[in-house]
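Dear colleague,

Please find below the structure I promised to hand over. My notes on it follow, arranged by topic.

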4 protein chains.
Amino acid sequence: MKYSVGCTLEYAVPSPSVFVFNLAPADTPYQSVDYENFTVLPEMPVETYIEPTLGTRYHRLNVTAPSLTVRYHATVTVTPEVRTPGDVHTIPPAELPLVDFPFVLPSRYCQSDQLMRLANREFGSLPFDFARPLAVADWIHRNVDYLVGTTTPLTSAFDIATSRAGVCRDFAHLGIAFCRALNIPARFVSCYAYDLWPRDFHAIFEARLGDQWYLFDPTRQASTGGLVRIGTGRDAADVSFASIFGPARMTHMDVYADAGDAESERQPKQWKDHAVSSARAA
Amino acid sequence: MKYSVGCTLEYAVPSPSVFVFNLAPADTPYQSVDYENFTVLPEMPVETYIEPTLGTRYHRLNVTAPSLTVRYHATVTVTPEVRTPGDVHTIPPAELPLVDFPFVLPSRYCQSDQLMRLANREFGSLPFDFARPLAVADWIHRNVDYLVGTTTPLTSAFDIATSRAGVCRDFAHLGIAFCRALNIPARFVSCYAYDLWPRDFHAIFEARLGDQWYLFDPTRQASTGGLVRIGTGRDAADVSFASIFGPARMTHMDVYADAGDAESERQPKQWKDHAVSSARAA
Amino acid sequence: MKYSVGCTLEYAVPSPSVFVFNLAPADTPYQSVDYENFTVLPEMPVETYIEPTLGTRYHRLNVTAPSLTVRYHATVTVTPEVRTPGDVHTIPPAELPLVDFPFVLPSRYCQSDQLMRLANREFGSLPFDFARPLAVADWIHRNVDYLVGTTTPLTSAFDIATSRAGVCRDFAHLGIAFCRALNIPARFVSCYAYDLWPRDFHAIFEARLGDQWYLFDPTRQASTGGLVRIGTGRDAADVSFASIFGPARMTHMDVYADAGDAESERQPKQWKDHAVSSARAA
Amino acid sequence: MKYSVGCTLEYAVPSPSVFVFNLAPADTPYQSVDYENFTVLPEMPVETYIEPTLGTRYHRLNVTAPSLTVRYHATVTVTPEVRTPGDVHTIPPAELPLVDFPFVLPSRYCQSDQLMRLANREFGSLPFDFARPLAVADWIHRNVDYLVGTTTPLTSAFDIATSRAGVCRDFAHLGIAFCRALNIPARFVSCYAYDLWPRDFHAIFEARLGDQWYLFDPTRQASTGGLVRIGTGRDAADVSFASIFGPARMTHMDVYADAGDAESERQPKQWKDHAVSSARAA
């Protein structure tokens, strides 16, 4: 499947600021960037860094001009792997590959250590397979309101477990925290989602079962089969689309993701019948 | 019904400290203190204060000795009112007596403002009667573990809504917060409970429906019909059994509550069939 | 001194909602409402309630129309008492009138129990007089940024003790929490302030020393001598200018406070040389 | 310098549990484990994992017996690098190696995103060199009480920034959070400290300046030159000395660290005159 994705970001930069962007899709065995164009106005050097373990790509700009415009465009071929949910099993702690140990530990916005009882009460009796993280995603969908403006960048899984409202980032954080509280490795995925409305960057979570990481979207706003992965991290802290060192502020933002072929458009928003993965486990 | 209640509290007092105790039962239309004895060692003046609205009794000591022993004993006659749950209804906001307005507002340990969505999701479709606060108490009993040592005096309803463990004080706080989030006036009641084990001070909540305040014990450890009310307040901050200004620390504590007649002993631990009240609304 | 104060508030009311307003100045020994006019559109009954202890006035409306406009106007004579700071002393815990006990206890937005060490580190060595609450107000002015949009109605003193930004309500909450952590009774005062810019409701705190409550404005935006008191409470929860039960939302708000005579205009913004009080202690 | 370090840990294991220990010193260019012995009772397989980037060593046990005893002993040669503080400079964001980007981001117990204003108010005017993290460590030493029993494993930097009490773990977390809020990469180091009393595992933080990571102990309890590094991570979540999956609980713990030669014993507890490092930057 092919997708055409990109964004335009504009900033006012009252004094020199450093930007670290994370908006270019990762190059992975399940996703290839066929063409891309990263334009910066005014022109300036762009430093690129690829995180070696997860493939997340960062671009750094040292901006001394009073304003900044970044335009990114790419065409990406995505080839997720789809398995039968019944074939997919969680890994017992005795066998959990320790390279994934960080993904069962609590992180800034995913305080799994504070959610142990709640997670085990709600999900502790489910079978040790795909049904667990699926039930986590379903619970969030049922129990948390998707409401723009109710949360801030400081909002965490612990907060929305009680406040019960948030956006995609918050939904993903709660999903991750619940999975980790159940000893299932889980991580944050920022992405372009072709059928998201209104247009914006999207965020979901992926959980490791067996030898793959499977995608879950507790907002149910996007098709997990039609996602273009940008960053992968412990939580949103690792893969913010823009980290700014300095007093700059955004003045305009536009994000798009269009289906590039017939198949791309037909990705169903399925939640139960397909176990979709776009990352092999380490 | 008659109960024989009391406590012995001992403190080390390394430098002069002021104590405000709240351990004598209130004198109310539903409860009379037939006999009481408040002994302090070493002997010193005891100042008594009765809060005029709620009848809570405070004793203040200005301790300059290196240790303090307080012994309190009372026999109390309790005559709660028992009504049929079906006859008891919540008060719509348009008719809520504004004298009780403070009891629908959030307080230190009962952040009803942060629990609005959760409360309305869980209880919002229930009938506007006794079933609401009863469902709140049941929910807490089912979803929160009673576990000594999991919380501190700083723990609040917001905390245990997610952490899901606590003691009687925490259970009462969550019950109050849920009720207030549903616009039901609710307040904290500290008490002696004759069938509590292990022996300790107890805490429950009461919610206003119609012209009475009804008692609910989400721990299900004590019979609401067999309680001896000590303090009534917005939350535990108002009716701590001992507020200490100075470096004193407790070295011993013993609390007791014994049934004084045959009827007192037979108070059933019923949760659904009786609406028990020991406070008339203002 | 005379002030002319008032406000216009407009709401969209998609379904029937109950409003409890607290925007009319209190009638106190230090403040008389010479004239007032409370207009509601569309016309409907207005229920008035005066809290007996503190004199705070509430107006309740049961709104079934799709919109609501409230216009309030009053002329008020204010006669604060001004004393010499050096004559004003804090009350030791052994002598604190227990009627003011609630005002040394933690409340929803003033978690003095969590600020004990910080308060005692910062202010514990100061003399037991006006210098203490004054130092609290000064500390807040120096250490917290006044920044609209950084906080929400859920923000508390505990939050801004670390985040270090907020608005008048947050500044008052932190002042109250610090005072209570020092065993100084303190409470929240909502008010009209004639020299506030931009125009809005204002909030400050008052602390009890000796037989009076003294006013402190840690924002330093208004003259404590030129304030028209609206509500007095434990914190903002008690005296929100509008508590709404229902889905209504504000569409317009305008607040004004004009000096009504020459003296009123000349109220100096003094912080150290005058101990200003507009409330006698109980 | 040589140190002889180790511990004995005993657990009751009521039902099968998985343990992941992190108590063996790391093998690094500045530290060599000359001899070590890891004994487990009852005998069972021990799986070893070395985190490839930071060298942290984990041991996993799958315990089915009703109890577990772990004894670890090692002799370690430590050769820290000592530089002159004046030669050591912070790295501007434009030049920060992005491989260390995770160490300027907030983590579970180090919410640097919530401490931005406080950090910049307190340390923002200091020179961009060793003085910054040193001032952070000094501030914590001066403003936070070292008090066993005041915090729990859930306590974070945000909490103690206001509560002002904690243990070594909390002190390190606050140091890390402040440094990151200042854009200085910082991380958590668990260790054996030969002069710590009472004996226990210790925790400090290290901050990257120039091409090295420098050690800071805000508790001032141990000599940074005499530490044996165990784990290195974002915060305590990464390098807990024991992560347990199951209902086991500790019944006994003993930790020791003895100086193995004359020089080891003489490590001064210096805070200002030496910049001590035991990790080269990536």
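A polar contact, as the term is used here, is a pair of N or O atoms within 3.5 Å; within protein, one of the two must be able to donate a hydrogen and the other to accept it, and residues adjacent in sequence count only if both atoms are side-chain atoms. By that rule, nine residue pairs are in polar contact across the interface of chain C and chain D, with both residues at pLDDT 80 or more. Please bear in mind throughout that this is a predicted model.

**Chain C and chain D**

The contact draws on 18 residues from chain C and 18 residues from chain D. Together the two chains bury about 1,500 Å², and carbon and sulfur atoms give 45% of that area. On the chain C side, C:Arg117, C:Arg121 and C:Thr162 lose the most area to chain D, together 44% of what that side buries.

Four salt bridges are counted between chain C and chain D. The side chains of C:Asp145 and D:Arg117 form a salt bridge, at 2.6 Å from N to O. Three elements of chain C give two or more residues to the side that touches chain D: helix 1 (116–123), helix 2 (131–143) and helix 3 (157–163). Of the elements of chain C, helix 3 gives the most to this side, with five residues. By class, the side of chain C that touches chain D holds seven nonpolar, four polar and seven charged residues.

**Chain A and chain D**

Here 30 residues from chain A and 30 residues from chain D take part in the contact. The buried area is about 2,700 Å², of which 63% comes from carbon and sulfur atoms. A:Arg60, A:Leu98 and A:Arg108 supply 24% of the area that chain A buries against chain D, more than any other three residues.

The rule finds four salt bridges across the interface of chain A and chain D. The side chains of A:Arg234 and D:Asp238 meet in a salt bridge, with 2.7 Å from N to O. There are 10 residue pairs in polar contact between chain A and chain D, both residues being at pLDDT 80 or more. On the side of chain A that touches chain D, the elements giving two or more residues are strand 2 (17–21), strand 4 (47–50), strand 5 (57–63) and strand 14 (242–245) of chain A. Strand 5 of chain A gives the most, with three residues. The residues on that side of chain A comprise 17 nonpolar, six polar and seven charged.

Chain D has an open sheet of six strands in the order 7-16-12-11-10-13, with antiparallel pairing. Strand 7 (81–83) and strand 13 (227–233) of chain D each have a single partner strand, so they stand at the edges and one side of each is left without a neighbour in the sheet. From one strand to the next, the twist averages 40 degrees. Strand 7 of chain D pairs with strand 16 (residues 275–280) of chain D in the antiparallel sense over three bridges. D:Val82 has D:Val276, in strand 16 of chain D, as its bridge partner.

Helix 2 (residues 131–143) of chain D lies across strand 11 (202–209) and strand 12 (212–216) of chain D and runs at about 155 degrees to strand 11. Helix 4 (residues 168–181) of chain D lies across strand 10 (186–193) and strand 11 of chain D, at about 15 degrees to strand 11.

**Local features**

D:Thr151 sits in the loop between strand 8 (145–146) and helix 3 (157–163) of chain D. The side chains of D:Thr151 and D:Asp170 are joined by a polar contact of 2.7 Å.

Most residues other than glycine have a negative phi, and most peptide bonds are trans. The peptide bond from D:Leu41 to D:Pro42 is cis, with omega near -5 degrees. D:Pro42 is placed in the loop between strand 3 (31–41) and strand 4 (47–50) of chain D. The peptide bond from D:Trp197 to D:Pro198 is also cis, with omega near 0 degrees, and D:Pro198 lies in the loop between strand 10 and strand 11 of chain D. A:Asn183, although not a glycine, has a positive phi of about 65 degrees.

With kind regards

Methods
Residues numbered from 1 in each chain as written. Chains lettered and ligands numbered in written order. Predicted model: local features only at pLDDT ≥ 70, side-chain atom pairs only at ≥ 80, totals over all residues. Heavy atoms only, no water. Pairing = 2+ DSSP bridges. Helix = DSSP H or I, 4+ residues; strand = E, 2+ residues; numbered from the N terminus. Axes fitted to C-alpha atoms, helices over the stretch in contact; angles between N-to-C directions. Contact = heavy atoms within 4.5 Å. Buried area = accessible area lost by both parts, 1.4 Å probe. Nonpolar A, V, L, I, M, F, W, Y, C, P; charged D, E, K, R; others polar.
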